[in-house]
Amino acid sequence: MSHDILIVDDEVDIRDLVAGLLEDEGYETRSAGDSDSALAQIEQRRPNLVILDIWLQGSRLDGLELLDFIRRDHPDVPVIIISGHGNVETAVSAIKRGASNFIEKPFKTDHLLHLVQTATEAARLRRENEELRARYMPTDELVGASSAINSVRQVVERVAPANSRVLIAGPTGSGKEVIARQIHKLSSRANGPFVVVNAANIAPERMEIELFGIERKQVGQVQSRKIGLFEQAHGGTLFLDEVGDMPMETQSKILRVLVEQMFERVDGSRKVQVDVRVMSSTTKDLRHSIESGRFREDLYHRLNVVPIQVPPLSARRDDIPLLIDYFMERLATSGGMARREVSADVIAALQAYEWPGNVRQLRNVVERMLIMAAEDVLEQIGADMLPAEINGTSSTLVRAGQGEAIMSVPLREAREAFEKEYLQAQITRFGGNISRTASFVGMERSALHRKLKSLGLQTGERRAGEEDE
């Protein structure tokens, strides 16, 4: 598809000349003779580029004022300013106010075409970069309002401005890298690189080359000097993901780097000095690894200056609706799809599920529902879009294949079994909070207590000081 270029000039001859030149090169053009016509054209369809005369005689707005409107409402649209009365001050003012470039009349055809090509290409690259960032850029937002995630957020905000090393522990998929990125974002190193080392995915024999680089060509290899990840992270943050999987020999070298902030490349003899903040994560109990001789205790104490424990998703079920909204928005934007609403029964089922894969698993479920949802964008996503392992948690009695079990018992027993499973699912959903469970199911708190006792259900309630409200 060709680029759509809007030409704004008070001289008809100039508009026709520029339009003819651009159309000969395959561009689509539109024209306007004053600011109001130009704004109307832009509102009708946003152009890929605006070529704008700076004076616009007889117009309500001059070129610079119109430029301000365009930059305010359509900051991604590049603008090339043209003028027959240009000077250095005018050009500088136009560039400072957001113009892509400035060209004087009479202009050379080749020069104008070069500026148009440069501006449209730069805009295309910016747009593609934004789309890629939306699709692939890892999030650095801590989503949720539960007490569990708020406790983590408070630690993050306190430790971020410091240069302290942080060890983030938690189950797989719980968001350890998200927390590390948030700390980096809030730190004085935010404009520096954030480099991730996944120790579990690097072969032990490659670990030192990846971390520290290699100085010269090795026999039998085509690779010459390689800059390691420590060096790439200079001025920023190095995140050692799954640090407990690092070989013991590499652990010794990392310990030395943490102490000296310098190292030698593999096969090198010169010291490389770096300024790097190191954060790390683990799903393992590193103290157990120390006892079994698989992790250095001195390195553990160096890394564990500020520990952060990330809760599993099952400990922050209140955050699930917020996480659904967040992932739905991101996934819809990155995938070019319409954002969808999910029904209340879907949210209830997701809150009752145990989430062995934690937040990462929830994101995958939301993506699956968005892709598989009905074409009608106004229709809510229902429980039929949930994976079987989640959809089956609401009640084993009503699952497919359980009809014979229902038919073989009297109504009273079937009702009691359903009540038991239903109430257990709701208690799980609300984290053992009896007051909130009672409010949702429409019972008095005392009545719910009696019902749970009669059904023999364990509530998980903390009787000595339950956080009910």
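**Questions on a predicted model**

Student: Which residues of helix H18 are buried?
Tutor: In this predicted model, helix H18 covers residues 411-429 and reaches 27 Å from its first C-alpha to its last, close to the 27 Å expected at 1.5 Å a residue. The buried residues of this helix are Ala-414, Leu-423, Ala-425, Gln-426, Ile-427 and Arg-429.

Student: Against which helices do the buried residues of H18 pack?
Tutor: The buried set includes Leu-423 and Ile-427. The partners against which the buried residues of H18 pack are helix H14 (344-352), helix H19 (434-441) and helix H20 (445-455).

Student: Is Arg-189 buried or exposed?
Tutor: Arg-189 sits in the loop between helix H7 (176-185) and strand E7 (194-198), and its contacts include Asn-163, His-184 and Thr-237. Because its relative accessibility is 8%, and the cut-off lies at under 20%, Arg-189 counts as buried.

Student: At what distance does a polar contact join the side chains of Arg-189 and Asp-275?
Tutor: The side chain of Arg-189 reaches the backbone oxygen of Gly-236 at 3.0 Å. With the side chain of Asp-275, Arg-189 makes a polar contact of 2.7 Å.

Student: How many residues apart are Asp-68 and Arg-97, which form a salt bridge?
Tutor: The closest N and O atoms of Asp-68 and Arg-97 are 2.6 Å apart. Asp-68 belongs to helix H3 (residues 63-73), while Arg-97 lies in the loop between helix H4 (88-96) and E5, and this pair links distant parts of the chain, 29 residues apart.

Student: Why are Glu-367 and Arg-363 separated by about one helical turn?
Tutor: The side chains of Glu-367 and Arg-363 meet in a salt bridge of 3.1 Å, N to O. An α-helix has 3.6 residues a turn, so residues three or four places apart point the same way. Glu-367 and Arg-363 are separated by about one helical turn because, in helix H15, the two are apart by four residues.

Definitions and conventions. Residues are numbered from 1 along each chain as its sequence is written. This is a predicted model: local features need pLDDT of at least 70, side-chain atom pairs count only at pLDDT 80 or more; totals for chains, interfaces and linings use all residues. Side-chain values use heavy atoms; hydrogens and water are left out. The expected span of a helix is 1.5 Å times one less than its number of residues. Buried means under 20% relative accessible area, exposed over 50%, partly exposed in between (1.4 Å probe, protein chains only). Contact means heavy atoms within 4.5 Å. A polar contact is a pair of N or O atoms within 3.5 Å; within protein, one must be able to donate a hydrogen and the other to accept it, and residues adjacent in sequence count only if both atoms are side-chain atoms. A salt bridge is a side-chain nitrogen of Lys or Arg within 4 Å of a carboxyl oxygen of Asp or Glu.
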